[in-house]
Amino acid sequence: LGINLSTDVTVFIFVLFFGFIVSCGIRATDHANRLLMFAKFALFSITVIGLASHFDFKIISFVPQKNLAPSLLIIVITSFGFATLIPSLRNYYQSDIKKIKKIIFCGTCIPLVTYIIWITVIFAIVPYQSLLEISQSSQPVSDLQLALSGALHIVWITQAMNIFSGICIITSFLANSVSFT
């Protein structure tokens, strides 16, 4: 569009727009979040399928198995990071414990499976030494995007990952905002 806005203005617009959705209530926020989650799932699926032809599972066998526990801790923390939503879920689902348990189970399993798939994809494409360098970087997400784009010569990977990251920020904002309602 050719419009250049300052960071402060874009943050203000972001909070104003998505804050309005949250102010419309948990149902509106839920519907917006579902739409965004569908887009996130579609982007993730397209990216993984696009990368599938470049998998080299021999690379994975060279990953040291000793030091993976700290790396996997983030999966557990993220998968259970929605505990603040439980009171809002209880209210939204009118204390239907069976539904709430199902939602918590799915809400834990979906990120876990997604992370396992993503980690497998990354470890099957990017050599371990490059991953070590990326882990020490001040901009690991950007460096990972560059490593994937450079290794595969696929420009759209970076664009898809940027959109995916943006949607992750939005859904996180919505989820955290709902926990305060």
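These entries record what I looked up in the structure.

I note that this is a predicted model, in which local features need pLDDT of at least 70 and side-chain atom pairs count only at pLDDT 80 or more, while totals for chains, interfaces and linings use all residues. Residues are numbered from 1 along each chain as its sequence is written, and side-chain values use heavy atoms, with hydrogens and water left out.

**Thr171**

I located Thr171 in helix α9; helices are DSSP runs of H or I with at least four residues, numbered from the N terminus. I found Thr171 buried at 7% relative accessibility, where buried means under 20% relative accessible area, exposed over 50% and partly exposed in between (1.4 Å probe, protein chains only). I then looked up the partners of Thr171: leaving aside neighbours within four places in sequence, Thr171 is in contact with Asn33, Leu36, Met37 and Lys40 (contact means heavy atoms within 4.5 Å). With Lys40, the side chain of Thr171 makes a polar contact through the side chain of Lys40, at 3.2 Å. A polar contact is a pair of N or O atoms within 3.5 Å; within protein, one must be able to donate a hydrogen and the other to accept it, and residues adjacent in sequence count only if both atoms are side-chain atoms.

**Ser179**

I placed Ser179 in the segment after α9, which covers 156-178. Ser179 is also buried, at a relative accessible area of 17%. I looked up Ile26 as well: Ser179 and Ile26 lie 153 residues apart in sequence and 9.5 Å apart in space, C-alpha to C-alpha.

**Val9**

I found Val9 in helix α1, residues 7-23. Val9 counts as partly exposed, at 36% relative accessibility.

Notes:
Helix = DSSP H or I, 4+ residues; strand = E, 2+ residues; numbered from the N terminus.
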